[in-house]
Amino acid sequence: MFEVDIAIERNAQTIKVLTPIAEEMKKLKDAEEKSGQPIGRLQYHLKPNSLNSIHIGAIARIYGDSGDEIIQHLLSNPLMVLPIVYERMLEKDREWRKAKVTLMQGWKKEIMQHCHNCLDVKSYFYMAEL
């Protein structure tokens with residue numbers, strides 16, 4: 001339960017950081033299209049500390065084994081890769097929150113079964129005697 005919450009929160013934090021960057025990338029892409037230049041002709045780079053290890057880890061978690069490759073592409077050409085990563089993060093956020101609701105039903109049953117023993121102050125001593 002804790003691990004699912006951490007994954008969802010790290011994903012949400014990454015989305016929060018990527019939102020203004022994705023909006024800026026969209027503006028840059030639209031500006032290139034309006035001027036008639038081919039998209040991606042100019043090289044844009046992310047600011048050095050715009051993504052920390054939590055954000056990079058969240059992005060890598062979503063893409064699994066190819067996460068390192070996605071991070072390299074994101075750093076080398078953010079104009080093309082960032083909108084795709086951002087949409088994927090939003091998609092996974094919705095998916096994980098929906099999955100958490102279904103998982104909570106099973107967790108709730110398990111918690112209720114063991115809740116009485118957890119609230120018992122003497123349960124520690126009873127377990128120690130066994």
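Which residues in helix 1 meet which residues in helix 2? Keep that in mind while you set up the view. The model is predicted.

**Stop 1: the whole chain**

Show everything as a cartoon. The chain has five helices and zero strands. Follow the elements from the N terminus and you read α-α-α-α-α. Now colour by burial. Of the 130 residues, 27% count as buried.

**Stop 2: helix 1 and helix 2**

Select residues 2-34 for helix 1 and residues 53-63 for helix 2. Two packed helices are described by the angle between their axes and the distance between the axes. Here the axes come within 9 Å and cross at roughly 110°. Angles of 65 to 115 degrees count as roughly perpendicular, so helix 1 and helix 2 are roughly perpendicular to each other. Helix 1 passes helix 2 in a left-handed crossing.

Now show side chains and settle the opening question. From helix 1, pick A7, R10, N11, Q13, T14, V17 and L18. They meet I54, H55, A58, I59, R61 and I62 in helix 2. By class, this contact has seven nonpolar, four polar and two charged residues.

**Stop 3: N11**

Stay in helix 1 and centre on N11. Is N11 buried or exposed? Its relative accessible area is 0%, and under 20% counts as buried, so N11 is buried. Look at what surrounds N11. Leaving aside neighbours within four places in sequence, N11 is in contact with A58, I62, M89, K92, D93 and W96.

**Stop 4: the nonpolar core**

Which residues have the most contacts inside the largest nonpolar core? Select L18, I59, L74, L82, V85 and M89. The core has 24 residues. Helix 1, helix 2, helix 3 (67-76) and helix 4 each supply at least two residues of this core.

Zoom in on L82. Beyond its neighbours within four places in sequence, L82 is in contact with L18, I21, A22, M25 and L74.

**Stop 5: L79 and M25**

Move to helix 4, residues 78-119, and select L79. L79 has 1% relative accessibility, so L79 counts as buried. L79 and M25 are 54 residues apart along the chain. How many Å separate their C-alpha atoms? Draw a distance line between the two: the separation is 5.7 Å.

Methods: Residues are numbered from 1 along each chain as its sequence is written. This is a predicted model: local features need pLDDT of at least 70, side-chain atom pairs count only at pLDDT 80 or more; totals for chains, interfaces and linings use all residues. Side-chain values use heavy atoms; hydrogens and water are left out. Axes are lines fitted to C-alpha atoms, for helices over the stretch in contact, and angles run from 0 to 180 degrees between N-to-C directions. Helices (H or I, at least four residues) and strands (E, at least two) are DSSP runs, numbered from the N terminus. Angles under 35 degrees count as roughly parallel, over 145 as roughly antiparallel, 65 to 115 as roughly perpendicular and the rest as oblique. A crossing is left-handed if the near helix is turned anticlockwise from the far one by less than a right angle, and right-handed if clockwise. Contact means heavy atoms within 4.5 Å. Ala, Val, Leu, Ile, Met, Phe, Trp, Tyr, Cys and Pro count as nonpolar, Asp, Glu, Lys and Arg as charged, and the others, Gly among them, as polar. Buried means under 20% relative accessible area, exposed over 50%, partly exposed in between (1.4 Å probe, protein chains only). A nonpolar core is a set of buried Ala, Val, Leu, Ile, Met, Phe, Trp, Tyr and Cys residues joined through side-chain atoms within 4.5 Å.
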